[in-house]
Amino acid sequence: MNRSEIFEKLAHLESNINQINNDMVNLKHLTVELIEENVALQVENENLKTLIDKEEAPKKVENNKKGQLKKPLRSKDNLAMLYKEGFHICNGELFGKHRKGDDCLFCLEVLSE
Ligand SMILES: [Zn+2]
């Protein structure tokens, strides 16, 4: 292998490494976006479940006089878990975004409701 071939190979390798690095950065951004979207959908789903449970709770009591009530609501637990994992659960544009280690008063308000 002569010197010019070595330099050519090095340049080729460097370009491959840069390409891999770019792909890695893009994939990381995509992953963060997907996780944030997933969390937003999860929170929305919990909110809807809470609404449905509130709607159905009185009917359940009437239909079930022996007191076999549905399990207590656990949606607050799930929200608390998501917050603990580092995501915003407050409404607004931060909804589902990563908190990046910062506490959020709006989130804490949602949890204390
Ligand atoms: Zn928040």
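Tutor: A salt bridge is a side-chain nitrogen of Lys or Arg within 4 Å of a carboxyl oxygen of Asp or Glu. The structure above is a predicted model, and a search of the whole structure finds 3 salt bridges.

Student: Why is the contact between the side chains of E36 and K97 called a salt bridge?

Tutor: The N to O distance for E36 and K97 is 3.6 Å. The cut-off is 4 Å, so the pair qualifies.

Student: Which parts of the chain does the E36 and K97 pair tie together?

Tutor: E36 belongs to helix 1 (residues 3-63), while K97 sits in the loop between helix 2 (75-84) and helix 3 (105-112). The pair therefore links parts that are 61 residues apart in sequence.

Student: How do you know whether E36 is buried or exposed?

Tutor: The relative accessible area of E36 is 11%. Buried means under 20%, so E36 is buried.

Student: What makes E46 and K49 a salt bridge?

Tutor: Their side chains meet at 3.7 Å, N to O, and the limit is 4 Å, so this pair also counts as a salt bridge.

Student: Why is the pair D103 and R99 called a salt bridge?

Tutor: The N to O distance between the side chains of D103 and R99 is 3.8 Å. R99 is buried, with a relative accessible area of 9%. D103 has 65%, and exposed means over 50%, so D103 is exposed.

Student: What makes the phi of K100 worth noting?

Tutor: K100 has a positive phi of about 50° and is not a glycine. Most residues other than glycine have a negative phi. K100 lies in the loop between helix 2 and helix 3 and is exposed, with a relative accessible area of 68%.

Student: How do you know what structure residues 3-30 have?

Tutor: The span is 100% helix and 0% strand, and its end C-alpha atoms lie 41 Å apart. An unreviewed UniProt entry places the feature "coiled-coil region" at residues 3-30. Such an annotation may be inferred rather than shown by experiment.

How values were computed. Residues numbered from 1 in each chain as written. Predicted model: local features only at pLDDT ≥ 70, side-chain atom pairs only at ≥ 80, totals over all residues. Heavy atoms only, no water. Helix = DSSP H or I, 4+ residues; strand = E, 2+ residues; numbered from the N terminus. Buried < 20%, exposed > 50% of the residue type's maximum accessible area, 1.4 Å probe, protein only.
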